[in-house]
Amino acid sequence: MRIPLPKRVVIAEDEAIIRLDLREMLEEEGYEVVAETGRGDEAVELVAKHSPDLCIFDIKMPGMDGLSAARQVSSDRQAAVVILTAFSQRYLIEQARDAGVLSYLVKPFQPEELVSAIEVALGRFEEMRQLEETVRELEGQLEARKAVDRAKGRLMDDHGMSEQDAFAFIQKTAMSERSTMFDVANLVIGGFLKP
């Protein structure tokens, strides 16, 4: 049985004492802090450099605020983002949501609140990744289906085959060539493969 690796975290908090507390809390809970900074612009660079699982950003930071940093990290699905702030106004929460933030934590907080916020963010992030993967797979299946249909049409028009025979030709060729029906269909469409 493989032991799961600890989740890797980048912290961006402009108050050094809070940053230190965060690091200690995270490490006590089994997370690995791979980088930390007090600036939002540096946070984005650190995320690109270290590829963490999670980012914890304060909203108010020099260089770039936490919401802008979150927006950049979230737009590329680089990592899950948790926002820390001393402010709980509704408009900030809405801005955080729109920036792709997956969890929001108001200071001061307890370690168990931090862990809950992190686990929610990581869970949501994984769900989003799985949904994106499913969409990619379905798009690929749709493209393959369209190519096979076009290839069947070409075989029917150019070689007088029935739809069933055209499909069987594509399927058998893919099996004998150890290829995909999509690739065989594209060869037929391009005129490179004939029955």
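Guide: The discussion below turns to helix packing and then to a cavity. The model is predicted, so local features need pLDDT of at least 70 and side-chain atom pairs count only at pLDDT 80 or more, while totals for chains, interfaces and linings use all residues. Residues are numbered from 1 along each chain as its sequence is written, and side-chain values use heavy atoms, without hydrogens and water.

Visitor: At what angle do the axes of helix α6 and helix α7 cross?

Guide: Two packed helices are described by the angle between their axes and the distance between the axes. Here the axes of α6 (residues 163-176) and α7 (residues 181-189) come within 8 Å and cross at roughly 120°. Angles run from 0 to 180 degrees between N-to-C directions, with axes fitted to C-alpha atoms over the stretch in contact. That makes α6 oblique to α7, as angles under 35 degrees count as roughly parallel, over 145 as roughly antiparallel, 65 to 115 as roughly perpendicular and the rest as oblique.

Visitor: Which residues make the contact?

Guide: Contact means heavy atoms within 4.5 Å. From α6 come F167, F169, I170, Q171, T173 and A174, and from α7 come M181, V184, A185 and V188. Eight of the contact residues are nonpolar, two are polar and none is charged.

Visitor: Which residues line the largest cavity?

Guide: A cavity is a set of points on a 1 Å grid where a 1.4 Å probe fits but cannot get out, and lining residues have an atom within 4 Å of a point. The largest cavity, about 40 Å³ in volume, is lined by R154, D158, H159, V188, G191, L193 and K194. Helix α5 (residues 111-159) gives the most to this lining, with three residues.

Technical notes
1 Å grid on protein atoms, 1.4 Å probe; cavity = no way out; pocket = protein on both sides within 12 Å on 5 of 7 lines; lining within 4 Å. Points joined across faces, edges and corners; volume = space filled by probe spheres on them. Helix = DSSP H or I, 4+ residues; strand = E, 2+ residues; numbered from the N terminus. Nonpolar A, V, L, I, M, F, W, Y, C, P; charged D, E, K, R; others polar.
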